[in-house]
Amino acid sequence: MADPIAVDVVYARPEQQVLLRVKLPRGGTLLQAIQASGVLQKFPEIDLARCKVGIFGKLVKIDSPLREHDRVEIYRPLIADPKEVRRQRAALGKAMKKGGE
Amino acid sequence: MLVAVGSLTVMGVALGGLLGIAARLLAVEENPLEEELKAMLPGSNCGQCGYVGCALAAAALAKGEAPVTVCPPGGRAVAETLAKKLGVTADLSAHEDKGPEYAFIEEDLCIGCTRCIKECTVDAIVGATKQMHVVINEACHGCAKCFKVCPTDAIKMCKVPLTLSTWHWAKPEVGQTLH
């Protein structure tokens with residue numbers, strides 16, 4: 001029971017990505033991993049109240065327990081509005097159709 | 001007791017013998033050449049060659065169905081080793097070495113659809129549904145699969161910049177040094 005688990009904590013910005021390995025006691029949570037990694041000190045802009053977190057591309061609650069070799073990911077919100085991008089693309093498609101005829 | 005031991009022994013020997021015979025009769029023939037070719041390929045199963053993974057590409061190479069230039073991420077180096085192994089002269093003229101690349105996501109265009117994450121064979125993309133996706137440069141091996149699936153053309157392929165950590169000594173040109 002006492003043997004620790006190794007997990008990665010990753011935070012990524014376009015110009016810089018960090019992947020930190022931390023050891024946690026079995027049953028440690030995402031929050032514990034993030035705090036142990038020191039990523040919050042490195043990137044003070046991370047606001048855990050607003051940023052969502054997850055494991056390998058799946059959104060997970062911050063107090064969920066981790067398993068060995070999980071990769072804890074701290075996400076950032078989107079800049080583009082998906083609906084707006086879609087609308088623009090649709091408009092572009094229509095324009096192209098008209099031009100093609 | 002003796003009956004139990006005896007019957008189990010008979011069953012063990014009979015079934016063991018049956019399996020032994022079956023292994024001989026129904027043996028899957030493995031081409032040793034295929035194994036060797038597979039070892040020469042990158043092994044990341046990126047699928048850019050059009051085959052499902054490196055093993056099938058190696059099988060096609062062994063049968064002569066695929067050209068030695070089949071592997072795009074392998075580039076010139078892999079094409080040359082394959083050509084040497086198969087004893088064919090590779091047409092490398094069209095196979096210009098582009099140099100290593102990595103994917104980059106334009107943040108203004110990313111809509112958090114996770115399609116690129118599902119494509120990535122090396123877990124180099126960090127992101128989740130409706131969250132910003134970012135490529136980890138060091139993990140990306142430049143297979144460009146994410147580049148193809150992005151619905152908003154937010155991904156572009158960039159050349160890996162030459163820095164102290166990425167530079168390496170160029171290999172000697174074999175043709176020139178052996179003369």
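Is A:Glu45 buried, partly exposed or exposed? I looked it up: A:Glu45 is partly exposed, because its relative accessibility is 40%. Buried means under 20% relative accessible area, exposed over 50%, and partly exposed in between (1.4 Å probe, protein chains only).

This is a predicted model, where local features need pLDDT of at least 70, side-chain atom pairs count only at pLDDT 80 or more, and totals for chains, interfaces and linings use all residues. Side-chain values use heavy atoms, without hydrogens and water, residues are numbered from 1 along each chain as its sequence is written, and chains are lettered from A and ligands numbered from 1 in the order in which they are written.

Entry on A:Glu45. I find a salt bridge from A:Glu45 to A:Arg13, with the closest N and O atoms 3.2 Å apart. The two sit in distant parts of the chain, 32 residues apart. A salt bridge is a side-chain nitrogen of Lys or Arg within 4 Å of a carboxyl oxygen of Asp or Glu. A:Arg13 is partly exposed at 24% relative accessible area. A:Glu15 joins A:Arg13 and A:Glu45 in a network of salt bridges.

Entry on A:Glu84. I see A:Glu84 and A:Arg87 meet in a salt bridge at 2.9 Å, N to O. A:Glu84 is partly exposed at 34%, and A:Arg87 is exposed at 52%.

Entry on chain B. I note a salt bridge between B:Lys156 and B:Glu106, the closest N and O atoms being 3.4 Å apart. B:Lys156 is partly exposed at 37%, and so is B:Glu106 at 28%.

Last entry. My search of the whole structure gives 8 salt bridges over all chains.

Definitions and conventions:
Helix = DSSP H or I, 4+ residues; strand = E, 2+ residues; numbered from the N terminus.
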